[in-house]
Structure formats: C-alpha cells, structure tokens
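Trainee: I would like to work through the aromatic pairs and nonpolar packing of this chain. Can we take them one at a time?

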Amino acid sequence: NIQHVMIYIKRSTMLKTLKNNPFITSLLIVLLYALWFIVPMFFTEMDPNAKGITGIEGALKEARPELITGFVLMLFLSLFGWWKKIGFISIKKGGIKFLLPILLIILVILNFSWVLDESHKWFWGFDSPLQLVTLLGVMFLLGFVEEGIFRGVLFYGLSTKLAPFLTVFISALVFGLFHFVNLLGGAEFTTTIYQVIHAFAMGFLYASLRLKIGAIWPLMIMHGLWDFSLFVLSSTVKHTQENVSLGVGLSIAIPALLYGLFVYWRWSKENSVQY
C-alpha cells in the first residue's frame, strides 16, 4: 500500500544522500522545475500569436500545472522532512510589520485597477465571483510553489554553503533569470527582460524578508496577492495593459530592491552579520 511505499522510499540510500546534501539537492529541484517548462516546448508547436501568460484568462489556465508542481513540491518536502527547514515556522517577533509596505502597494494596484477598469465586466475584469475566487486560489498556489522552491528549497540549500548575503543575492538572481522561460510561452524579448528585472528585485526583497521574519508562509501569501493584483491590472486596463504592466513592474523594481537592502541591513545589524 501507499504507506509501505513511503516508508521504503524514506529508508532508501538515494533519499538519504539527497536529504543530507541540501545544496546539490536544491539545485536539482530548481533544474527539474525549469525542465517542467522547457521540455514540453520541444513536443508542441509554438503559437506565433502567443504573448505569454497575460490577464485573468491566461492566469486561470495555469491552475492544472500549478496543482501538479504544488503536489510534487509537497511530496519532496515530506520525503526530505524539510518543512521546518524551509520556513514553515512561527514569524519572528516584530517581523510582520515589514510585510505591510508590500500589502499597501497591493491595495494601491487593486484600487488603481478598479478606478481604470475598462472591461465593463462584473468587477475588476472578472466575469463572476467564482472566477475571482478561483484566480485567488491559483495565485496562492503559485505563491506556494515559487516561494517554496526559490525562498524555501533553494534558499535553504544555498545557506548551507554560502554567507547570508550571497544566499539572498543568488537565490534572487536565479529567480529572476528563471523568468526567461516566458520566452518559450511566446512573450516578447523586451517584455521578458522587464519581467526578469522585476522578478530579481522582488526575489531579493522576499529573500531578505525570509531572513527577517523567519517564516516562509507569509511570503507565500504575499506573493500570491502580489501576482493576483498584477493579473487584475493587466486585465482591467486592456488598451494599455502592456505599457501599464511594464510601467508598474519597472517603477517597483528599484524601490523593491532598495527596501530589500534595508530589510537585510536591519537583519544583519540585529544578528551581527557582515555583508
């Protein structure tokens, strides 16, 4: 039965080797995640009119792949016993206040989307309340997967070999560069470059917050809400969605990076860590 299979796997030599070498294992997991996007492209014909994942409809199509990757990630974490190691712990005292600026910006973006809504649909570009709730669920799942892999597994693996600042920087860099896979989905090169820059800056901020607040699950929630707000924005402001989305991304990248440096500085000061 399934229980016996799980026990056998947990006792296997290969699993023990992977569990005891988090640096290598974390890199392998990121590689597998990348291949999950890349390999199918060799077996499908690319749509020349594709523009990547945009808007509410595009985001909803990601429900199935996110469910699969979320399940596989949970399986890895359970087999390795890494739930606490990647940050499923209590928030450090005073850490929650450092999430408030992100929440404030999310509310501003959502309000901006509501004011400039050109979709003439039910609300925020959604056809129904069910569609809104469904997108929220998909985005929270996306937050779980991306934070779990990049600020969880990769962050933990890098931290076993590298100094804290390098761990933060490299995990953010890998997260940013990973967004080049959007090119395979039909996204334009210029747009993808902006996405890479934005992802690196937000990744640096999230990684710094990972140190400061200790727990990863609040970052998963914030990540989900953040992506939700951007998809809503790109759907409600249809006629200028690309310019608006890119403008928001670039205007936030530098402040996010600066705030990430501030958060890291506060953490390093409290823990007597040198850059």
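Trainee: Which residues do ring pairs link into a cluster with Phe 165?

Mentor: This is a predicted model. Ring pairs join Phe 165 to a cluster.

Trainee: How many aromatic pairs does the count come to?

Mentor: Rings pair if their centres lie within 6.5 Å. By this rule the count is 17.

Trainee: Is the pair of Phe 37 and Phe 178 stacked or edge-to-face?

Mentor: The ring centres of Phe 37 and Phe 178 are 5.7 Å apart, with the planes at 80 degrees. Planes over 60 degrees apart count as edge-to-face. So the pair of Phe 37 and Phe 178 is edge-to-face.

Trainee: How many residues apart are Phe 37 and Phe 178?

Mentor: Phe 37 sits in helix H3, and Phe 178 in helix H8 (residues 164-178). The pair links distant parts of the chain. The separation is 141 residues.

Trainee: Is Phe 178 buried or exposed?

Mentor: Its relative accessible area is 10%. Buried means under 20%. Phe 178 is therefore buried.

Trainee: What about Phe 37: buried, partly exposed or exposed?

Mentor: Phe 37 has 25% relative accessibility. The partly exposed class runs between under 20% for buried and over 50% for exposed. So Phe 37 counts as partly exposed.

Trainee: Which helices does the pair of Phe 165 and Phe 204 tie together?

Mentor: This pair is edge-to-face, at 5.9 Å centre to centre and 70 degrees between the planes. Its partners are 39 residues apart in sequence.

Trainee: Which residues is Ile 102 in contact with?

Mentor: Leave aside neighbours within four places in sequence. The contacts of Ile 102 are then Leu 205, Tyr 206, Leu 209, Met 222 and Trp 226.

Trainee: What is the area of the nonpolar surface patch that includes Leu 28?

Mentor: Leu 28 is in helix H3 (residues 22-38). Its relative accessible area is 39%, so Leu 28 is partly exposed. Other patch members include Ile 24, Leu 35 and Phe 43. The patch area is about 900 Å².

Key:
Residues are numbered from 1 along each chain as its sequence is written. This is a predicted model: local features need pLDDT of at least 70, side-chain atom pairs count only at pLDDT 80 or more; totals for chains, interfaces and linings use all residues. Side-chain values use heavy atoms; hydrogens and water are left out. Patches are made of residues with over 30% relative accessible area and no salt bridge: like charges are joined within 9 Å, nonpolar side chains (Val, Leu, Ile, Met, Phe, Trp, Tyr) within 5 Å. Accessible areas come from the Shrake-Rupley method with a 1.4 Å probe; for residues, only the protein chains shown count as cover. A salt bridge is a side-chain nitrogen of Lys or Arg within 4 Å of a carboxyl oxygen of Asp or Glu. Helices (H or I, at least four residues) and strands (E, at least two) are DSSP runs, numbered from the N terminus. Buried means under 20% relative accessible area, exposed over 50%, partly exposed in between (1.4 Å probe, protein chains only). Contact means heavy atoms within 4.5 Å. Rings of Phe, Tyr and Trp (its six-membered ring) pair if their centres lie within 6.5 Å; planes under 30 degrees apart count as stacked, over 60 as edge-to-face and the rest as tilted.
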